Amino acid sequence: MLSERDCSLKYLLSCLDKLGHAEAIQFLSSVVQEAIRILVQPESQVLTEGACTSLTCQATGPPGLSYQWFCGKQEMPGATSPNLLIGPVTLQSPAWYICRVSCGPSFAFSQWARLCIWVGSSPASASGYCPTMEGVEILQQPQPCTLAEGDSLVLQCVAVGNPSPQFQWFRNRSPVAGAQTSCLQIRLVTTADRGRYTCKVFNLFQQVWSEEAEVEIGPQLCVAGGAWQEGDAGSAPEPDSLCHFYAADKVALLVGNMNYQHHKQLKAPMVDVHDLAHLLRQLDFKVVSLLDLGLVEMQMAVGEFLLLLDKGVYGLLYYAWHGYENFGQSFMVPIDAPGHYTSEHCLCVQTILQSMQQRQTGLNVFLLDMCRKRNPNDETVPRAEALEVTANIVFGYATCADAEAYELSQGELANGIFVSFLKRWLLEDEKITVLLDKVAEDMGTLEITKGRQALELRSNLSERRALTDRIQPGQQAEEQSARNLQWAKAHTLPESCSLRFDCGARVCLGFAAEFSNILVIYTRITATPREITRCEAKLNNFPEELDVDVKFTNKGSPEEVGSSLSEAWSQDLSDCCLYSRLCGLQKLKSELAFTVCLQYQYEGLDDFLQESQEVNIGKPLIAKLNLHTDATPSMDSCPDPFHGCFQSAGSKESFTSDASRGLDAISPHENTPEENLSPELTDPVSM
């Protein structure tokens, strides 16, 4: 019954707890014992001598979880809450802490947290690492090792930073899928696992690479005379002797338009943009991911994207969904395009490419997940300048010329056909054109789209450039720093805050980013006086320009705030939160201010009392870049690169696709019979 209602046991237990059914909770918990899972890990910190700090460990699992902190291997008496207060610290203070979460015989340990103590307020050290500034330092390097097949491989890279660092392991310069912790573990290794391993350690402001650790498995593999040699198996060129290309930086702009005002609304763009953003971040791309942009907002977003580009930078633009192609020019349709639109209401992709070339980029990749049907009523002829011959341009079209692209009708979480195959290959260390060829081959196996949709690749790329190429900044260190700050400015979350009300209650506000222009605020009551029996904190009075839907505010579970991707950002949050989802942050003209309203009831009283506090968190995420305008400018006044110049050659009546056929619910990983094509369920993506 839970499965039929798409309801988890955890959610059912939460409902029963609110209803006070203790007996039912005890019965279900004893029958179905949930595994203990650490949601919030304690983080390593760098402190000055005399400072105080706290470590936090939060877990989910069966009711009645208990916590116990350890200092090294010694149990800390009385340290039995999720939060451990430490301080003031000295040079003799213990360095390592860990927390055990248990329920009956079951238990789980958190990761280790290390406290590094520095003397003085300006802790310059021999290592050159300063904890008062943003940075990362590797404390323990991964070590080379030799193993036999069937052994377990364990590589450790210990690092500290401010903010806390993240990790990504690489083997032979290719990312290791899922290896995003400080410790890399591979059980039952084979000869396929041998190679050079290194770890990228990074935070919002800096990234560093660990030393390479050579892992030998099975027969001895050695390098001699520039060739790999293994017994009598012959030789091949030494990988390091090949020509490797580097990027000065890597930047990606991902735009997914779903909620069109005058055209068919879609579901797949949200999932596609989310999945691509996750994969591209693993490849060191600075990713800007935006949903539902109007014309002016798209123009401004492209402008900010161009500011992040420079000589040698890899630029990638992904767009989904509505669009069309006329006279060899591709046009992206914003969500506010009128019912009868022409090129005047859209953005020309080739005009954006011209501006990217002017920035002397090292690689220009366009992934256009949109229809390419001709707009028969738009006879405007592009009058754009000829493109430069740069031999670094790649166009990956989701479909052929004069054809449509489709999304899969599989419920809420479903990719479009193009991305469902693209994400299988995106992390491969292949020349980008070779990678897209493999995607095209995979797409060709999908029976339901044969004769309807096929990937088309256009490229003049003359070098073996890949999305996996490492970043090696050039001489322009100042430009690199400016790009980092420009990108970080639009992706820094507001700091969590705690509000104290007159009644003695405390409310904590936290923030999560679903996309660059979608913010989730979660509220949690952290303390209430004993005489208060009921207490609830809700948010209201949001700025009018955000047009906040009350259906997606102050909800008891992440699933209720209207996002099918809630698991991506809610896994580290508490169950006792109320969630509010704010979309369209690019429309925000002033700082984001709202009201926290606290309603509470004293024991023995029927009436509720109310207090409120105003909160101002400034301009969060993409709102800092001011992509909005007070009035939409006329198309004649829009400068390049945001809008092309056109010369009328006939009627300016608009194009509206009358296609109404579609794809039934199919899996992108299965071949589906042709008879499953159903015109009634889903329209093709007319873009």
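This briefing walks through one predicted protein model, from the whole chain down to single residues. Because it is a prediction, local features need pLDDT of at least 70 and side-chain atom pairs count only at pLDDT 80 or more, while totals for chains, interfaces and linings use all residues. Residues are numbered from 1 along each chain as its sequence is written, and side-chain values use heavy atoms, with hydrogens and water left out.

**The whole chain**

- The chain holds nine helices and 41 strands; helices (H or I, at least four residues) and strands (E, at least two) are DSSP runs, numbered from the N terminus.
- Of the 687 residues in the chain, 49% are buried; buried means under 20% relative accessible area, exposed means over 50%, and partly exposed lies in between, using a 1.4 Å probe and protein chains only.
- Take the contacts between residues at least 6 apart in sequence: 70% of them join residues at least 24 apart. Contact here means heavy atoms within 4.5 Å.

- Strands of a sheet pair through backbone hydrogen bonds, either parallel or antiparallel. Two strands are said to pair if DSSP finds at least two bridges between them.
- Strand S32 (residues 393-397) pairs with S33 in the antiparallel sense over four bridges, and Gly396 stands opposite Leu457 in S33.

- Strand S24 (residues 249-256) is largely enclosed by the rest of the structure, because eight of its eight residues are buried.
- Asp249, Val251, Leu253 and Val255 point one way from S24, Lys250, Ala252, Leu254 and Gly256 point the other way, and all are buried.
- S24 runs parallel to strand S26 (residues 313-320), and eight bridges join them. Tyr318 in S26 is the bridge partner of Leu254.
- With strand S25 (residues 286-291), S24 also pairs in the parallel sense, over six bridges. Here Ala252 stands opposite Val287.

**Helices that pack together**

- Helix H3 (residues 268-282) and helix H6 (residues 417-425) pack at about 15 degrees, with their axes 10 Å apart. That angle makes H3 roughly parallel to H6; angles under 35 degrees count as roughly parallel, over 145 as roughly antiparallel, 65 to 115 as roughly perpendicular and the rest as oblique.
- H3 passes H6 in a left-handed crossing. A crossing is left-handed if the near helix is turned anticlockwise from the far one by less than a right angle, and right-handed if clockwise.
- Asp272, Asp275, Leu276 and Leu279 of H3 make this contact with Val419, Leu422 and Lys423 of H6. Sorted by class, the contact has four nonpolar, no polar and three charged residues; Ala, Val, Leu, Ile, Met, Phe, Trp, Tyr, Cys and Pro count as nonpolar, Asp, Glu, Lys and Arg as charged, and the others, Gly among them, as polar.
- H6 also meets helix H7 (residues 432-443): their axes come within 9 Å and cross at roughly 130 degrees, which makes H6 oblique to H7. This crossing is right-handed.
- On the H6 side, the contact with H7 includes Phe418, Phe421 and Trp425, and on the H7 side it includes Leu435, Val439 and Met443. By class, the contact has nine nonpolar, no polar and three charged residues.

- Ser289 sits in strand S25 and counts as buried, at 1% relative accessibility. Not counting residues up to four places away in sequence, Ser289 touches several residues, among them Leu254, Val273 and Phe515.
- Asn484 belongs to helix H8 (residues 477-489) and is partly exposed, with a relative accessible area of 22%.
- Leaving aside neighbours within four places in sequence, Asn484 is in contact with Asp249 and Lys286.
- Asn484 and Phe205 are 279 residues apart in sequence, yet 7.1 Å apart in space, C-alpha to C-alpha.

Note on methods. Axes fitted to C-alpha atoms, helices over the stretch in contact; angles between N-to-C directions.
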